[in-house]
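This report is meant for a reader meeting the structure for the first time. Please keep the sequence and the model in view while reading.

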Amino acid sequence: MKRILKWSALAILVVLFAWFEFAYWTSSNDCGRGIPTGAQRIKAVRFCDYGAPDVVHMDEIEKPAPAEDQLLVRVRAASLNAIDVAIVRGPALARLLFGLRKPKFTGFARDFAGVVEAVGKKVTEFKPGDEVFGLKGGAVAQYVYARKDRVVMKPASVTFEEAAAVPLAGLTAWQGLKTGKIHAGEKVLVNGASGGVGTFAIQIAKAFNAEVTAVVSTRNVEIARQLAADHVIDYTKEDFTKRSERYDLLYDNVMNHSMSERRRVLTSDGICVLAGFGGAAPSGTEAMARIVRGFSDSFRSRFSAQKFERYTTTASQADLQSLSDLIAQGKVKPFVEKTYPMSETVEALRYFNAGHTRGKLVIAVD
Ligand SMILES: NC(=O)c1ccc[n+]([C@@H]2O[C@H](COP(=O)([O-])OP(=O)(O)OC[C@H]3O[C@@H](n4cnc5c(N)ncnc54)[C@H](OP(=O)(O)O)[C@@H]3O)[C@@H](O)[C@H]2O)c1
């Protein structure tokens with residue numbers, strides 16, 4: 001019996017190893033494929049291999065055509081998010097989803113703003129000429145085709161660059177604060193308040209009439225004040241978990257404190273929303289440790305009144321519309337630190353990788 005078990009385990013290991021080798025070496029993408037003669041060509045930024053920022057490069061691809069429920073959008077601006085930059089590096093876990101040896105999908109970034117050029121047969125909500133923003137992989141390109149339920153109209157009060165800064169970071173802040181059951185009058189602390197997600201989280205929490213405390217480094221104290229945070233804590237000078245203040249909602253973009261430290265500053269039935277692990281700032285191992293700790297904290301909090309809630313951002317059109325409404329009402333203004341031309345996307349990536357972006361980095365698409 002023991003011998004049978006031993007040989008079966010060995011056989012399973014050999015099969016798994018063979019499957020992994022096969023999947024790894026056959027993992028490929030469309031980079032080597034030519035563009036059919038006569039097809040329209042457009043410029044797009046893509047990455048054919050995983051690696052350092054300079055794997056990202058400008059290329060020519062075939063101009064996409066929209067399906068029945070899609071829009072063809074002439075992109076005017078796109079923006080970077082932590083996930084876009086992480087996929088390019090190709091950490092082991094991401095490769096299980098996005099391609100083992102090479103990225104399956106080679107388009108870069110996902111947030112865009114632009115002008116509708118054409119619509120599919122089943123699209124009645126948008127028409128050519130509409131100014132829109134939304135989500136679609138491969139956003140740093142002259143054109144993208146996007147599903148109609150991933151797009152909303154751009155408020156006239158913001159530029160294309162500002163609108164392109166909104167989708168993923170804005171949705172992450174919105175959905176996270178909703179996960180934390182935000183309501184008027186409560187005390188909200190945003191840890192990691194000066195990055196893409198944090199700058200939206202401060203403003204959205206204020207739009208809900210919460211009393212907001214922003215945790216940032218010295219150079220970003222002024223930005224947090226500009227965004228109307230009621231209180232600002234400089235994390236290089238003070239540890240928020242050592243204060244006597246208690247918060248109803250702790251929106252944690254960094255997860256750099258232990259569960260017991262964070263419980264200490266939560267009210268007795270407060271909620272800690274586990275939004276992120278500090279963007280590109282922590283090393284790969286540290287980021288992984290924070291993610292694992294997030295799962296464990298969330299599980300352990302099931303047995304206590306103070307909750308630690310994890311969530312994954314979804315591309316909800318209704319939520320995107322709510323963000324668009326807040327922008328139109330002047331309650332939220334996307335904070336863009338810098339706009340790069342499309343030809344300098346690599347520089348934008350390098351800057352993001354340093355881990356101290358203020359607000360969002362945008363790529364202007366010409
Ligand atoms: N849950 C989801 O589905 C979801 C979706 C999208 C994004 N995310 C995650 O959300 C996180 C934030 O994304 P992002 O786009 O805002 O990244 P980001 O723009 O790089 O911002 C990271 C922020 O962390 C701050 N920070 C670093 N160390 C800190 C510390 N010790 N104390 C306080 N703040 C610190 C940085 O501020 P300084 O420069 O001042 O240090 C920066 O403001 C990322 O981990 C991302 O993966 C999650």
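The text below goes from the domains to the core, then to one helix and a few backbone angles. The model is predicted.

**Domains**

The chain is divided into two parts, domain 1 (41-166 + 334-364) and domain 2 (169-310). Their C-alpha centres lie 27 Å apart. In the contact between them, domain 1 takes part with 15 residues and domain 2 with 14 residues. On the side of domain 1 that touches domain 2, α2 and α11 each supply at least two residues. Sorted by class, that side of domain 1 has 7 nonpolar, 6 polar and 2 charged residues.

**The nonpolar core**

The largest nonpolar core has 101 residues, and Val140, Val190 and Ala201 touch the most other members. Helix α6 gives the largest share of this core, 7 residues. Because domain 1 (41-166 + 334-364) and domain 2 (169-310) both give residues to the core, it lies between them.

What does valine 140 touch, not counting residues up to four places away in sequence? The contacts of valine 140 on that count are Ala44, Val45, Ala78, Phe108, Ala109, Met342, Thr345, Ile363 and Val365.

**Helix α11**

One of these contacts, Thr345, is also among the buried residues of helix α11 (residues 345-353). The buried residues of this helix are Thr345, Ala348, Leu349, Tyr351 and Phe352. They are on the same side of α11, because they cover an arc of only 165° around the axis. An α-helix has 3.6 residues a turn, so residues three or four places apart point the same way.

Which elements cover the buried residues of α11? The cover includes the strands β1 (41-47), β2 (56-62), β14 (336-341) and β15 (360-364), together with the helix α2 (82-89). After α11 comes glycine 355, with a positive phi near 90°.

Most residues other than glycine have a negative phi.

Methods: Residues numbered from 1 in each chain as written. Predicted model: local features only at pLDDT ≥ 70, side-chain atom pairs only at ≥ 80, totals over all residues. Buried ≥ 20, exposed ≤ 12 C-beta atoms within 10 Å, placed from the backbone. Helix = DSSP H or I, 4+ residues; strand = E, 2+ residues; numbered from the N terminus. Arc of directions from axis to C-beta. Contact = placed C-beta atoms within 7 Å. Core = buried A, V, L, I, M, F, W, Y, C linked by C-beta atoms within 7 Å. Domains from an automatic or database assignment. Nonpolar A, V, L, I, M, F, W, Y, C, P; charged D, E, K, R; others polar.
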